[in-house]
Amino acid sequence: MAERRDILFRLLGDSRSLQRATRGANSALGSVTDTLRKVAGVAGVAFGVNEIIQWGREAINMAATAAEVDSKFQAVFGSAKDFNDELLRTADLAGVTDTNARNLAATFGNLAQAQGISRDATMDLTSEVFDLAGDLASFNDADPARVFENLTKGILTTEREGLKPLGIAISEVEVKQRALAIAVADGRDEATKADRAYASFQIAVEQAGKAVGDLERTSESAANKQRRLAATFKETQETIGRALLPTYELLLDTTEDTVYIVEDLTRGLLGMGAAADEATAAARRQAAAQISWDTVSFGLTRTIRELREAIEDTAYQAQTFRDIQDDYAKGA
C-alpha cells in the first residue's frame, strides 16, 4: 500500500512539474507577443491579439519558405557568393526582398539550365535579366518581381503577353531569325533553345529603349523609395520569423512529448497494478520534456532580445516611410 502511495505521489509530482513548465513557457510566449505589439506600434500599425498572432504566423511561414528558397538557390547555383551578392544589391535597389529575389533567380536559372545554358552563363543571364526587370519596373511604376516573372516567360518560353504592357512585343519570327544568326556566328547550322533565349533577351533589351538604366537614374524617386521600404518591412518580418522558427519547432516537439506524458500519467492513475512501469515511463518522458521546455525558454529569451533589438531599426524605417509619404503628399 505504501509503495502504491509513493508511486501516486510521484505521478502527481510529475504532473505539477509539467504544469509549472507550461506556465513558464506561456509567460515567455506572452512576452514575445508584447514585444511584437511594440514593434508593430513603432511601425504605426495598431495590432490586437489576433493580428499579432496572424502576423507571427506569417513571419514563421516566411522563415520556413526562406529556408526552402535557400536550398533551391543552392541546388541551382551552388555556393556562388559573388553572384548572390550582385543579385541582392539589385534586389535591394529595386525593392524586392532577398528571399523573393533568390527564389525568382533560382526559378529562372533552373529553367535556363534545362534549356542547355551552363551554370556560369545562367548566372550572367539571370543578373542581366534582373537588371532589366528593375529598369522596366522603375520606368513603368510596376512591381519588379512581377516584371521579372514576365521576362522569364518571355525569354525562356513563348508566353510573352505579360511584356506588352511594358512596351515589349517579341515576335516568334524575329526570335527565330535572331537565334539562327547567333548559331551561324558560332559555327552551327541550327539554333538551340539557348540561342532562342539569348535572342529573346536581346530583342527585349532593344525594345526597352530609354527604360534601360532607369532604376539607377531614378532610385531616389518616391515610388522607388516606397518599394524599398515595403521590402524592408517584409524582410524585418522574415527576420523575426527566423528567430521564432527554431523555438516554434521545439515547442511543437515538446507539445508532442507532453501528450505522451499525460497518457502515461492517466494510465498509471487508472491502472495502479502496473503503476510502477508507468511511473518509470512518465518520469523518463517528463525529464526529456523538462529539458525541451528549458531549451524552449532559452530560445524564447534569445528571441525576445533579438526582437527588441529590431525595434530601433524598425522605428527608423517607419519614420523614413512617414517622411516619404509627407514629401509625396506635398508633391516633392
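At what angle do helix α6 and helix α8 pack, and how far apart are their axes? In this predicted model, local features need pLDDT of at least 70, side-chain atom pairs count only at pLDDT 80 or more, and totals for chains, interfaces and linings use all residues. Residues are numbered from 1 along each chain as its sequence is written, and side-chain values use heavy atoms, with hydrogens and water left out.

The chain contains 11 helices and 0 strands. Helices (H or I, at least four residues) and strands (E, at least two) are DSSP runs, numbered from the N terminus. Of the 332 residues, 41% are buried. Buried denotes under 20% relative accessible area, exposed over 50%, and partly exposed in between (1.4 Å probe, protein chains only). Contact denotes heavy atoms within 4.5 Å. Among contacts between residues at least 6 apart in sequence, 73% join residues at least 24 apart.

Helix α6 (residues 144-156) and helix α8 (residues 193-208) pack at about 130°, with axes 7 Å apart. Axes are lines fitted to C-alpha atoms, for helices over the stretch in contact; angles run from 0 to 180 degrees between N-to-C directions. The angle therefore makes α6 oblique to α8. Under 35 degrees counts as roughly parallel, over 145 as roughly antiparallel, 65 to 115 as roughly perpendicular, and the rest as oblique. Gly154, Ile155 and Leu156 of α6 meet Arg196, Ala197, Ser200 and Phe201 of α8. The residues of this contact divide into 4 nonpolar, 2 polar and 1 charged. Ala, Val, Leu, Ile, Met, Phe, Trp, Tyr, Cys and Pro count as nonpolar, Asp, Glu, Lys and Arg as charged, and the others, Gly among them, as polar.

Helix α6 has 13 residues and spans 18 Å from its first C-alpha to its last, close to the expected 18 Å. The expected span is 1.5 Å times one less than the number of residues. In α6, 10 of the 13 residues are buried, so the helix is largely enclosed by the rest of the structure. Among them are Phe148, Asn150 and Thr152. Asp143 caps the N-terminal end of α6, with a side-chain oxygen 3.2 Å from the backbone nitrogen of Ala145.

Asp141 lies in the loop between α5 (119-140) and α6. Asp141 has a positive phi of about 50° although it is not a glycine. Asp141 is exposed, at 53% relative accessible area.

Asp195, in helix α8, is buried, at 4% relative accessible area. Its side chain reaches the backbone nitrogen of Thr192 at 2.9 Å.

Terms used
Polar contact = N/O pair within 3.5 Å; in protein donor to acceptor, adjacent residues only side chain to side chain.
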